[in-house]
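Welcome, and thanks for taking a look at this one with us.

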Amino acid sequence: MRFRAALLSTALIGAAFVGESPLAFAQQNPERDVFFGQTHVHTSWSFDAYIFGNTLTGPEEAYKYALGEPIKHPAGYMVQIKSPLDFQAVTDHSEYAGTVRLANDPSSAISKLPIAEKLKVKSKEDIQKIYLWLGTTITKNEPIKELVSPEVAGTVWKQVVAIADKYYQPGKFTTFVAYEWTSTPANRNMHRNIIFLDSKKVPDLPFSSIDSTHPEDLWTWMDGQREAGNELLAISHNANLSDGIMFPIDVDNKGRPIDAAWAQQRILNEPLTEIQQLKGASETHPALSPDDEFAGHEILTYLLGGIDRAPRIHGSYIREAYQNGLAMQETLGHNPYKLGVVGASDSHNTAISYSESNFFGGHGLMDGTAEVRLSGKKEANLDMALLSTSGLAGVWAEENTREAIFAGMQRKETFGTSGVRIKVRLFGGWDFGPDAANDNDWVKTAYAQGVPMGGDLPAMAGKAPTFIVWAVKDPEDGNLDRIQIIKGWTKSGQIFEKVYDVAWSDDRQPDPATGRVPPVGNTVDIANATYANSIGSVELKAVWTDPAFDPALNAFYYARVLQIPTPRWTTIQAHQLGQVPPSNVPLTVQERAWSSPIWYTPSDDARKSATRSVMVAELQQQGAVALDDAQLKELVVGKTLKVRNTATGQAFEILYGTDGRRLITNVDGRQPEAGELGDVLHSGELGAPAFYEIGNGRITTTLGNAPFDVTVYKLADKYVAARSSEFGYANYELEPVAP
Amino acid sequence: MPDDHAAARRPTSLNRWLREPLLLFVAAGIVLFAGYSALQPAAAPEEAPDRIELTKDDLRQLAVAWTAQWKRPPTMQEMQGLIDGKVREEILYREALAMGLDRDDTIVKRRLAQKMEFLAEDMSALRDPSTDELKAWFAASGERFALPGRVSFRHLYFSPDRRGSGTVHAATAALRELESSPGASAATGAFGDPFMFQWFYGDRSPKEVADVFGAEFAHRVFALTPGSWQGPIESGLGWHLVWVDSIAPSRVPAFDEVEPLVRSEWLDEQRAAAKETAFEAMRARYDVFVPAASTLDVSGIAAPQETASR
């Protein structure tokens, strides 16, 4: 107890020194330290959190909790963080911020307004009623004028800023003025958290989704803030719940074609995205990464508000956005998705649970007890057993100050974790030797000769890039299984990925054929919800050179660090309740950390040396004509077509049945494998025979909830096809097979 | 209902409310209670049950609230509507009280109870403590302002990645060797394995040690005696032999160092305590008779149907 009391006083004491000589505490480390923190938490000041039953604790308590002080969970019990944080941003919703709380406080000015009567929570039934009412006014963009007037909203915002300043202890604990921009068009999550560098020039009011639901308008407002000397950045979250609109490739949120200006404005304002939080992971989806055996981690298929519709997968995951971003870099000259990652929470409890062993939900009374969480009962159509623990952000910075941590976020020297404190470093360079990570001061050399995570490899010819990757386990959690490097690249508008195991624990041998390292094993005792660190490593390190580097192609590389399997929170709490764990979630989890990528962009010379497919524009210049519906039907219906993918050289045979279904019958002269079946014209999708339609001059196949269009051009006696989402390339040569 | 009645201007969702006479009465009661206690402390004379009087200040308050909602002052006609509505509300409120409609109404009860809580908190928040008062309080509760202890230590690391299940034995063996060695205080990497972070940690708080090694290790290091190799101690990263150079124990700072913090903590505590004291005083005036919670069987009580979501 003395120990805890001491921690607590560390937290309290710093506040007294604010404004005197803040920098006296800071010590700069040029090789940078890792700081763990949180960029996404709600308190009772968020209109929805209040309504979920979090009525008592505000931003002050959020900072106290992060510093190690116990606070009260909305369900009435005390909760305390296991390891205090280094930094935190409290991100209450800007929409109606604080107003529900103040309407329920008879001493406030807001409670005297007639409108306050409608916001008062008098019974359990009021909770949902007020939530839906306020939520609907936001989604329909018909705000309640009294609550967004500067007199009301400005008062709350001033307090948000003052509290952030009160708890900032440079060198010890960093706070950021922040809020969440909560745009949810048609139940699709487009939310962003906005983080301000400092509090000196913050605006009188935040820009909320009531001002506009379009991220483009948010960025324009952010540009204006920056010009006025108020530096800020946005972190998007829950791409997985965006129904495909978080990472668009054709048209923006206003329906305009995406161009270089859009890409530039986006990446300038939005350098980061959340890779895991309470509502699931957004790295990738098994349907997008069928060859990635660890892609199924904490997948949540859901749309806000609980509407009964399967969300679109394409456009909803970060790895695919990285890949498409490369293609956009190549075709537009700008990559809007050169994003770094953080892990975050989105808890609406003021307090946050990071650990599987201490999970207390994130939505007030809706998931406040183990019984409710494991009951299988759905709230807003969501089974609470599907929730993940909160994620955590790691930032490499010279010191624990607003300036240093914000700069780390801006240069994307960040990583996200599933809540554990795995520490991970990644450096890329051209001159790292095989012993580059062996010296005591290898980090110094790595900075001098390479670039850290979030950076760009400088142009270079004649060799392949080498990466140093290093990870140390969370001292309070499971050992490490392996480090992987995930590489993505693009060619002729098509996207590719490969997962390499580069460092692993114990004496395992990679499979000679696939290069894959076998599973680490499993020490989890399900019945008792325990595990043992008798397998796995404390520290893993590797120097790895890309064995398949093509200097002509855009590429990215990021590290993923996996822990050994440990019991998922649902398994632990089922054990505590004497129940069987729920069957709709895994029994165990492999906690993990993801680094921000390092990007490679070929020089103009290197690009010119690449062989690439013809572009549609070039075909048209040569006099090619697109087939109309009748010609398409004549060409494909009831026929088998030989298709050659000119980007990969792969050859397919596709049977377009008269029953409206089409089937890939042959890939490179053999029977297709599972991952190749659902494909329109090249591989990458799971599925069985798919339906196709011909209309508007296109063959349309719908896969994974997303339509893919194929246009066929005739040039002299040859047929060349272009597929949507391939950035203007015509990658397919068609040849009817004689019956 | 007259066309210019303020309530009739609200969106139609409220109309349903207005068709509920009971709710209407209750709402009227709430408005009056809040208005009466917060805004009109002295203006109204002793109330007679059959006398209703609005002052000019009352009217101004009506106009202020109206302006806040509609962003312009009310017209004369609108003002008259507000006044009529207020009088009507007052009459209905008193009739409701006379009929006892406020009794056994959960909404009214909770609202009034909540109001009492806020009142108790407000009263204590008004007073600023004197320095002497703060000093006395600090002297009595200084422990909560204690600065964390600091430790400086060296350690030798024994890596489970390299040594597996033999790690702790290797550490124990190394300790024996060090104990019989004259130059033990200068022992370096000749013992143990390379460590991924630092060999020496100077002037660290418990949090700083825990961030590297885990909380349990930090706890144990702060309990060591300086000046000899001790262990093996397990951390989250493996086994260690530890030489503590110095420990500065947790200390309570001087009042002057932390006065602003003491003041803010004092206010927080007073606010919370006043709430409790006020309640205790009220509680003392009541005899409360309730059966023990355990005497009730709740297993047979069915939960109400879930509200339909969107």
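## A strand with two partners

In chain A, strand S30 (residues 639–645) runs antiparallel to strand S31 (residues 651–656), and six bridges join the two. To find your place in this pair, look for A:Val643, whose bridge partner in S31(A) is A:Phe652. The hairpin of S30(A) and S31(A) has five residues between the strands, and there A:Gly649 takes a positive phi near 80 degrees. Please keep in mind that this is a predicted model.

S30(A) also pairs with strand S38 (residues 732–736) of chain A, again in the antiparallel sense, over five bridges. In that pairing A:Leu641 has A:Pro736 of S38(A) as its bridge partner.

## Around strand S35 of chain A

Strand S34 (residues 698–703) of chain A pairs with S35(A) in the antiparallel sense over five bridges, and A:Ile699 has A:Val710 as its bridge partner in S35(A). Six bridges join S35(A) to strand S36 (residues 718–723) of chain A, with the two running antiparallel. Here A:Val710 turns up again, standing opposite A:Arg723 in S36(A).

The hairpin of S35(A) and S36(A) has two residues between the strands, and A:Ala716 takes a positive phi near 55 degrees in it. Strand S29 (residues 625–626) of chain A pairs with S35(A) too, in the antiparallel sense over two bridges; A:Ala626 has A:Tyr713 as its bridge partner in S35(A).

## A four-stranded sheet in chain A

Chain A also holds an open sheet of four strands in the order S17-S16-S19-S22, with antiparallel pairing. Strand S17 (450–452) and strand S22 (539–545) of chain A each have a single partner strand, so these edge strands are left with one side that has no neighbour in the sheet. From one strand to the next, the twist averages 15 degrees.

Within this sheet, seven bridges join strand S16 (residues 423–429) of chain A to strand S19 (residues 466–472) of chain A, which run antiparallel. A:Leu426 has A:Val469 of S19(A) as its bridge partner. Helix H13 (residues 442–449) of chain A lies across S16, S17, S19 and S22 of chain A, and runs at about 40 degrees to S16(A).

## A four-stranded sheet in chain B

Turning to chain B, four strands form an open sheet in the order S2-S1-S4-S3, with antiparallel pairing. Which strands stand at the edges? They are strand S2 (200–204) and strand S3 (229–235) of chain B, each with a single partner strand, so one side of each lacks a neighbour in the sheet. Direction ignored, neighbouring strands of this sheet are turned by 35 degrees against each other on average.

S3(B) and strand S4 (residues 238–248) of chain B pair in the antiparallel sense over five bridges, and B:Gln230 has B:Val242 as its bridge partner in S4(B). Helix H9 (residues 206–213) of chain B packs on the sheet, where it touches strand S1 (150–158), S2, S3 and S4 of chain B; its direction makes about 150 degrees with that of S2(B).

## Backbone details to check

Most residues other than glycine have a negative phi, and most peptide bonds are trans. Against that background, the peptide bond from B:Gly231 to B:Pro232 is cis, with omega near -5 degrees, and B:Pro232 has its place in strand S3 of chain B. A:Asp346 has a positive phi, near 75 degrees. This residue is found in the loop between strand S11 (340–343) and helix H11 (370–373) of chain A.

## Two helices in contact

Helix H8 (residues 215–227) and helix H9 (residues 260–269), both of chain A, pack at an angle of about 65 degrees, with their axes 10 Å apart. The crossing of H8(A) past H9(A) is left-handed. Residues making the contact include A:Trp219 and A:Met222 of H8(A) and A:Trp262 and A:Leu268 of H9(A). By class, the contact has four nonpolar, three polar and four charged residues.

How many cavities of 30 Å³ or more does a search of the whole structure find? The search finds eight, and about 210 Å³ of space lies in the largest cavity. Its lining has 17 residues, with A:Lys82, A:Ser83, A:Tyr354, A:Ser355 and A:Gly419 lying nearest the centre. By class, that lining has six nonpolar, six polar and five charged residues.

Key:
Residues numbered from 1 in each chain as written. Chains lettered and ligands numbered in written order. Predicted model: local features only at pLDDT ≥ 70, side-chain atom pairs only at ≥ 80, totals over all residues. Heavy atoms only, no water. 1 Å grid on protein atoms, 1.4 Å probe; cavity = no way out; pocket = protein on both sides within 12 Å on 5 of 7 lines; lining within 4 Å. Points joined across faces, edges and corners; volume = space filled by probe spheres on them. Nonpolar A, V, L, I, M, F, W, Y, C, P; charged D, E, K, R; others polar. Pairing = 2+ DSSP bridges. Axes fitted to C-alpha atoms, helices over the stretch in contact; angles between N-to-C directions. Contact = heavy atoms within 4.5 Å. Left-handed = near helix turned anticlockwise from the far one by under 90°.
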